[in-house]
Amino acid sequence: MNIKVRQEEIIEEFGLLDGDLEMSINYLIELGDQLAPFPKNNKNDDFIVKGCQSKVWLFAQEEDQQVIFHADSNTVVTKGLVSLLVRVLSGHRAEEILNGDIYFPDKIGMGRFIGSQRSNGFSAMIKQMKLYALAINIKDKK
Amino acid sequence: MTLTLKDQLDLTTLRKQFPILDQSVNGNPLIYLDNAATTQKPLAVISEINRYYTEDNANIHRGIHTMAERATTAYENTRKSVAQFINANESEEIIFTKGCTDSINLVAYSLGGYLLKPGDEVLISCMEHHSNIVPWQLICEKTKAVLKIMPINDKGELIFEEFLNLLSERTKIVSMVHISNTLGTINPVKEVIAAAHKWGAKVLIDGAQATPHNKIDVKSLNCDFYAFSGHKMYGPTGVGVLYGKRSLLEAIPPYQGGGEMIKEVSFTQTTYNEIPFKFEAGTPNIAGVTALNKAIEFVQSIGLGQISHHENALLLRATTQLSEIEGFQPMGTASEKASVISFNFEGVHPFDLGVLLDAKGIAIRTGHHCTQPLMDRFKVEGTARASFAIYNTFEEVDQFVSSLSNLIKKLR
């Protein structure tokens with residue numbers, strides 16, 4: 001399933017919630033709960049993406065030429081947000097991630113329920129994931 | 001009109017002056033509990049901004065035409081009202097600024113630059129807002145003075161004995177918050193000022209959180225400077241006040257250069273205007289200043305005694321009810337406290353509380369509240385904070401606590 005298809009899935013799921021803010025956030029929290037456990041050894045400052053109020057830990061590894069992302073957060077709402085990105089970007093080749101256009105946040109009206117401050121944090125997460133993909137891509141080409 | 005708050009009917013009448021409160025947010029009636037960040041504005045303030053631009057708009061002080069005179073009169077009348085509001089000796093001791101932060105920066109730059117020599121000391125407390133920390137760091141760096149911190153106890157109160165021990169002949173400036181925006185602590189500023197003066201230090205009080213809640217008397221306090229914002233006391237944003245004693249305002253240099261603040265300008269020498277104009281370079285926020293007058297009238301129409309009485313009742317109700325929820329961790333339990341309640345719940349991040357309460361139409365603030373050193377002192381990353389104003393009701397407090405209680409159960 002490519003990056004576009006995964007985004008379409010998310011857009012459809014949130015579409016079912018009819019724009020209800022509370023239901024959307026609760027769904028986001030549920031999705032965050034389903035994230036794979038984050039390796040304890042990596043839960044340190046080397047893997048942190050700092051937001052305005054919350055922390056996200058993020059790292060990537062390559063398995064069978066695919067980039068696998070692992071993420072966690074100290075807040076349940078942010079954990080839900082990063083889980084969406086893991087779902088969209090994890091399990092693809094580095095080059096696909098680098099070229100991937102992330103458009104689902106606008107389509108699900110994320111700005112409305114995460115606010116501008118958190119949008120900045122969300123952009124920082126995408127940037128960090130693409131940087132991981134870039135590093136892996138460069139390594140693969142060597 | 002003088003409003004009394006003896007019963008709910010009066011509060012209903014009062015809330016009609018705040019049309020913004022009568023709205024739904026995310027499908028729920030708005031409950032606005034972020035008043036320490038900014039208060040909402042009564043119709044009189046909103047109307048005055050509209051009236052000024054509709055009827056009187058002109059640049060002040062130097063115009064000779066009628067509208068300029070009307071605008072100047074409205075602006076200068078506010079100065080008189082502010083002087084009376086905080087019991088200054090004279091209106092010339094009132095300087096209009098962009099806000100409390102701007103007022104503090106003015107004092108740090110002008111007084112600090114005038115007084116501080118290498119090795120001199122500036123004292124601030126551990127509970128200061130960043131706006132009463134960073135300006136002092138900047139001027140201390142420039143003058144090679146030393147910034148020292150007055151410690152607080154676990155209740156969030158100044159440890160007075162330790163403050164006294166920090167005072168010495170090297171202490172040139174003490175700058176302290178009157179009411180903490182995070183803890184709600186009401187500091188014993190009169191005693192702080194008296195103790196600092198014994199060593200010859202000058203004292204600035206950050207009154208941003210105090211002016212909406214308590215009667216301020218700068219003469220009785222005997223502070224050298226007192227800073228506050230309009231927008232935290234029902235006035236517009238972009239307007240602040242700095243009170244300073246005449247002798248000091250005359251002695252210290254201007255903060256910014258430009259029009260209005262000069263007497264005569266030539267390329268070889270410029271002489272400065274008298275106070276307060278010496279500190280008001282450029283065209284000020286005239287509409288904001290005239291609207292601040294309406295905010296003062298609003299506060300005075302109710303009376304600060306009534307306001308603090310009502311807010312204390314809201315605080316007591318919220319604190320009592322929140323204490324009954326398991327895992328409640330209040331931050332700031334001072335004996336003298338204003339209507340701010342800062343807290344955490346074990347195992348729940350305040351950010352999540354803020355987001356989920358917002359979904360229910362309840363506006364609180366979460367994070368470090370621009371007091372990061374205070375967060376370090378209490379070893380927390382942030383808190384959730386509810387802060388009350390005159391228009392908040394007991395029903396809103398009950399709804400807030402009930403929603404919060406349900407969220408805590410869900411998030412654990």
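**Exercise 1. In which order do the seven strands of the open sheet in chain B stand, and what is their pairing?**

Before we start, keep in mind that this is a predicted model.

*Solution.* 
- Step 1: Walk across the sheet from one side to the other. The strands of chain B come in the order β4-β10-β9-β8-β7-β5-β6, and their pairing is mixed.
- Step 2: Look at the two ends of that order. β4 (94-97) and β6 (146-150) of chain B are the edge strands; each has a single partner strand, so one side of each has no neighbour in the sheet.

**Exercise 2. Find out in which sense β5 and β6 of chain B pair, and over how many bridges.**

*Solution.* 
- Step 1: Locate β5(B), which covers residues 121-125.
- Step 2: Follow its pairing with β6(B): the sense is parallel, and there are five bridges.
- Step 3: Pick out one bridge to see it in the structure. B:Leu123 has B:Lys148 in β6(B) as its bridge partner.

**Exercise 3. Describe how β11 and β12 of chain B are joined and paired.**

*Solution.* 
- Step 1: Find the two strands, β11 (residues 262-265) and β12 (residues 270-272) of chain B.
- Step 2: Trace the link between them. Four residues make the hairpin that joins β11(B) to β12(B).
- Step 3: Check the pairing, which is antiparallel over three bridges. For example, B:Tyr272 in β12(B) stands opposite B:Ile262.

**Exercise 4. Work out whether the radius of gyration of chain A agrees with that of a compact globule.**

*Solution.* 
- Step 1: List the elements. Chain A has six helices and three strands, in the order α-α-β-β-β-α-α-α-α from the N terminus on.
- Step 2: Compare the radius. For 142 residues a compact globule would have a radius of gyration near 14 Å, and the 15 Å of chain A agrees with this.
- Step 3: Along the principal axes, the C-alpha atoms of chain A fill roughly 50 × 30 × 25 Å.
- Step 4: Look inside. Of the 142 residues in chain A, 37% are buried.

**Exercise 5. Describe the side of chain A that touches chain B.**

*Solution.* 
- Step 1: Count the residues on both sides: nine come from chain A and 12 from chain B.
- Step 2: Ask which elements of chain A contribute. α2 (21-33) and α3 (76-89) each supply at least two residues, and the largest share, three residues, comes from α2(A).
- Step 3: Sort the residues of chain A by class: four are nonpolar, four polar and one charged.

Note on methods: Residues are numbered from 1 along each chain as its sequence is written. Chains are lettered from A and ligands numbered from 1 in the order in which they are written. This is a predicted model: local features need pLDDT of at least 70, side-chain atom pairs count only at pLDDT 80 or more; totals for chains, interfaces and linings use all residues. The radius of gyration is taken over C-alpha atoms; the globule rule is 2.2 Å times the number of residues to the power 0.38. A residue is buried if 20 or more other C-beta atoms lie within 10 Å of its own, exposed if 12 or fewer, and partly exposed in between; C-beta atoms are placed from the backbone. Two residues are in contact if their C-beta atoms, placed from the backbone, lie within 7 Å. Ala, Val, Leu, Ile, Met, Phe, Trp, Tyr, Cys and Pro count as nonpolar, Asp, Glu, Lys and Arg as charged, and the others, Gly among them, as polar. Two strands pair if DSSP finds at least two bridges between them.
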